[in-house]
Amino acid sequence: MSSTHQIFDISKFKVSCGNCSLVELCLPWGLKVDDLNELEKIIKRVRPLQRGDYLFHTGDKFQQLYAVRSGAIKAYRTTEEGNEQILGFYLPGELLGLDAIDTEKHVCTTVALETSSFCAVPFTRLEELCQQIPGLQHQIYRLMSRELSSENQSLLLLGKKSAEEKIATFLVNLSSRLHVLGYSSTEFRLPMSRQEIGNYLGLTVETVSRIFSRLQKDKLIVIDRKLIKIVNEHGIRCMCTGNKESSSKSRSATGH
Amino acid sequence: MINSLIFNKDLITRYDTLGPRYTSYPTAVQFDESFCHDNYVEIARSTNEEPVPKQLSLYFHLPFCDTVCYYCACNKIITKNRAHAAPYLQLLYEEIKLQSSLYDRDRIVEQLHWGGGTPTFISHAQMSDLMRHTRDAFSLRNDDRGEYSIELDPREADADTIALLRSLGFNRVSLGVQDFDPEVQKAVNRIQSIAETRAVIEAARKHAFKSVHIDLIYGLPKQTVESFARTLQKVIELGPDRISVFNYAHMPRRFKTQKQINKADLPAPTEKLNILQHVINYLTQEGYTYIGMDHFARPDDELALAQKQGTLTRNFQGYSTHANCDIIGMGISAISKVGDCYSQNVYEIGEYEKLVTAGRIPVFRGLKLDGDDLLRRDVITQLICHFNLEFEQIETRHRINFNDYFYNEISILKGMERDGLLSIDAERIRVSPAGCLLVRNICAVFDKYLRQTQAEQTFSRTI
């Protein structure tokens, strides 16, 4: 006689922030052990999303913040003309929903770019907890500040003049975020498509592909389908500021 | 590098085993019937998402033939009734529409090939229609820089056909000849005069086709060294840019039409080897470069140049200069290579019709390659295209230690090294001039699946 299999319900799984590899990036950072236990009690693990699944839609009632545990998420808004405008991409350790606190409604739609998992933090309970744990309140301010700062980064990125600068900055940004997560900063798989990169940066797909090809031709990166290998880190960083002279191999440096 | 080639009869006899031709790795025997429309669609769409999507290579299978050539192992339909082509072409247009909807329009068609069957079985109007449907659905090049080729049966084409094909965008032509000897032609039911062949080649030159390729077969009934030498001499006089000399594999149980070949008429194994020896000596003496397997090319032909530059690759049509394409095969039994997958269309027209009219990509089997498959495919392609394998290249690309990963394979290769097929040290494998003809055997060492299928004897003999 075999016993019947229990279906694993991830939402019942006890969250343990203390053991989470993302602890330094997420809410519990800096909390004392007792406070951490209190926080863990209110956090829920939600069912993982498959590629193309939605986390929340624009206009949904805001009830909880989501912390990305694994995978990658795209956040977008639909314009009045019915087009999708991508606002950003979220990686593990990053929080989704902070922009809904004000109106109590989500102001963007979020969809998984690959299999992704999350922790959900009911916001009312979090607010209550903040009154008991000052450190937590401070951490929320920090995370909101981080979000604002990354918004600024995006604005700076979109303000870049050339397509080349935009793509280089995009890659460097992705690379440093992955580095913080403990992944390789020089070799990574793009979770988003070239259409999504183009949409986000305000470039056509043809331009995105043309620039990627050029970066490869100039031996700054190597592309194997969606896998990117940065082979000249200095060069690509120089390119972010439009400094082509030092990104190409100083052809003119030898002088005449 | 110009490949020097040594014909070593003793070695060839010793290594005469069954083995795949590695137009794909894993070979089609490994394709799995659980792979269907949905898998294909998902993979095709995902290739558009790459930062730099690969350009496209289109293959069209036109299966009709007016008469049967007894040696043929292709998927074909023999009919005198030309009307049979029209309904098939309608279905093919449907498939073109279905396939093209999956691929972004900025993906340029770098390579295009009509194979068969006999592609020129269809009428001139149908040829124009097929190309128009293709142009409407895909982004073909208009600057003549693509590699657009067609398999021609000189008995089914004249100067007008050639002119039309050129105006449709074809710039490379591959002619089926097999053998000019009348006795051999009778024995295989393919009567084709030199004059017909010459007329087609002259027309191709006049219309500035960039490459003319002639297909020959050795091992056919009634062939002798002397008769094939005469054929080769006539072929050389026609001045093709490329010549392939395929080995005839007599497998009448698998390929029914081969039953009509009288086994007693086949050249004995030693005679067959003597023919091969003559082929190699004669063609190299006439200034052709040995590309590999069964292919020869003039030193200034693109294939020879690609080999020199290390960009040669192998696909279902043999050797190719376009390594970096996603290949879409359309028509019955056509094979696609998209993303990290292979897939194959159904063989039978009724089945094809059912799927295509239901709006489904008519795939019936395929395979998603895993990391090990990709690694082994890379190794096999390097060996078969360049006769040389630098471990460091493979190690960087696949993040392995070659000597650890292929510990068992290397010990088998050491045996081949003692036999003089290759040399192997800590950094590379170099196929020796005597090993070039046996490169299939060397590749087979890296074929993980072969050990499982070897006993079933599903492959043709290597030589």
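Predicted model: local features only at pLDDT ≥ 70, side-chain atom pairs only at ≥ 80, totals over all residues.
Residues are numbered from 1 along each chain as its sequence is written, while chains are lettered from A in the order written. Local features need pLDDT of at least 70, side-chain atom pairs count only at pLDDT 80 or more, and totals for chains, interfaces and linings use all residues.

Biologist: In the open sheet of four strands in chain A, what is the strand order?

Modeller: Strands are DSSP runs (E, at least two residues) numbered from the N terminus, and two of them pair if DSSP finds at least two bridges between them. The edge strands, each pairing on one side only, are β1 (44-49) and β6 (95-96) of chain A. The pairing is antiparallel, and the order is β1-β8-β3-β6.

Biologist: Which residue of β6(A) is the bridge partner of Ala67(A)?

Modeller: Strand β3 (residues 64-70) of chain A is joined to β6(A) by two bridges, and these strands run antiparallel. In β6(A), the partner of Ala67(A) is Leu95(A).

Biologist: Which strand gives the largest share of the side of domain 1 of chain A that touches domain 2 of chain A?

Modeller: An automatic or database domain assignment sets the bounds, with domain 1 at 10-150 and domain 2 at 160-247 of chain A. Twelve residues of domain 1 of chain A are in contact with eight of domain 2 of chain A, contact meaning C-beta atoms, placed from the backbone, within 7 Å. The largest share of the domain 1 side, four residues, comes from residues 84-90 of chain A, strand β5.

Key:
Contact = placed C-beta atoms within 7 Å.
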